[in-house]
Amino acid sequence: MDRRQLVLFLEHPYAAFDGSLAAPTELLLAGLTWPTEHWVDLAVSWIEQGAPIDEGIACALEEVSRKPFSQRLRHRSFALAARWRRQGNARRRDGD
């Protein structure tokens with residue numbers, strides 16, 4: 001599905017998403033990697049509403065925290081990724 005169509009799902013609450021047309025991860029990555037803040041903010045809101053995080057989402061959140069978006073959005077993104085990593089989901093280093 002086209003990324004432009006995917007991000008439109010983010011305009012609705014995560015709880016209303018049924019997952020029949022796309023995986024939540026696919027939508028979140030489309031939103032988090034969008035060049036404008038609006039869709040990134042909606043994707044972060046979905047995560048705050050309980051959408052699942054995986055390694056790819058955590059990395060995308062960390063990227064968002066380094067982009068020239070609003071400070072509030074950068075902090076929310078960083079906090080979500082950091083919380084996910086603290087819960088035992090940290091990247092494994094070679095030799096671990």
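Trainee: Which residues does serine 77 touch, leaving out those up to four places away in sequence?

Mentor: Serine 77 touches Val44, Leu61, Val64 and Ser65, where contact means heavy atoms within 4.5 Å. This is a predicted model, in which local features need pLDDT of at least 70 and side-chain atom pairs count only at pLDDT 80 or more, while totals for chains, interfaces and linings use all residues. Residues are numbered from 1 along each chain as its sequence is written, and side-chain values use heavy atoms, with hydrogens and water left out.

Trainee: Why does serine 77 count as buried?

Mentor: Buried means under 20% relative accessible area, exposed over 50%, and partly exposed in between, with a 1.4 Å probe and protein chains only. Serine 77 has 0% relative accessibility, and therefore counts as buried. Of the 96 residues of the chain, 38% count as buried.

Trainee: Where is serine 77 placed?

Mentor: Serine 77 lies in helix 5. Helices are DSSP runs of H or I with at least four residues, strands are runs of E with at least two, and both are numbered from the N terminus. The chain has 5 helices and 0 strands.

Trainee: Which residues of helix 3 and helix 5 meet?

Mentor: Glu37, Val40, Asp41, Val44, Ser45, Ile47 and Glu48 in helix 3 meet Leu73, Arg76, Ser77 and Leu80 in helix 5. Helix 3 (residues 37-48) and helix 5 (residues 71-89) pack at an angle of about 40°, their axes being 10 Å apart. Those axes are lines fitted to C-alpha atoms over the stretch in contact, and angles run from 0 to 180 degrees between N-to-C directions.

Trainee: What makes the crossing of helix 3 and helix 5 left-handed or right-handed?

Mentor: A crossing is left-handed if the near helix is turned anticlockwise from the far one by less than a right angle, and right-handed if clockwise. The crossing of helix 3 and helix 5 is left-handed.

Trainee: Which residues have the most contacts inside the largest nonpolar core?

Mentor: They are Leu10, Leu27, Leu28, Leu32, Trp46, Ile47 and Leu61, in a core of 26 residues. A nonpolar core is a set of buried Ala, Val, Leu, Ile, Met, Phe, Trp, Tyr and Cys residues joined through side-chain atoms within 4.5 Å. Helix 3 gives the most to this core, with 7 residues.

Trainee: Why does the radius of gyration of the chain agree with that of a compact globule?

Mentor: The radius is taken over C-alpha atoms, and the globule rule is 2.2 Å times the number of residues to the power 0.38. With 96 residues, a compact globule would have a radius of gyration near 12 Å; the chain has 13 Å, so the value agrees.
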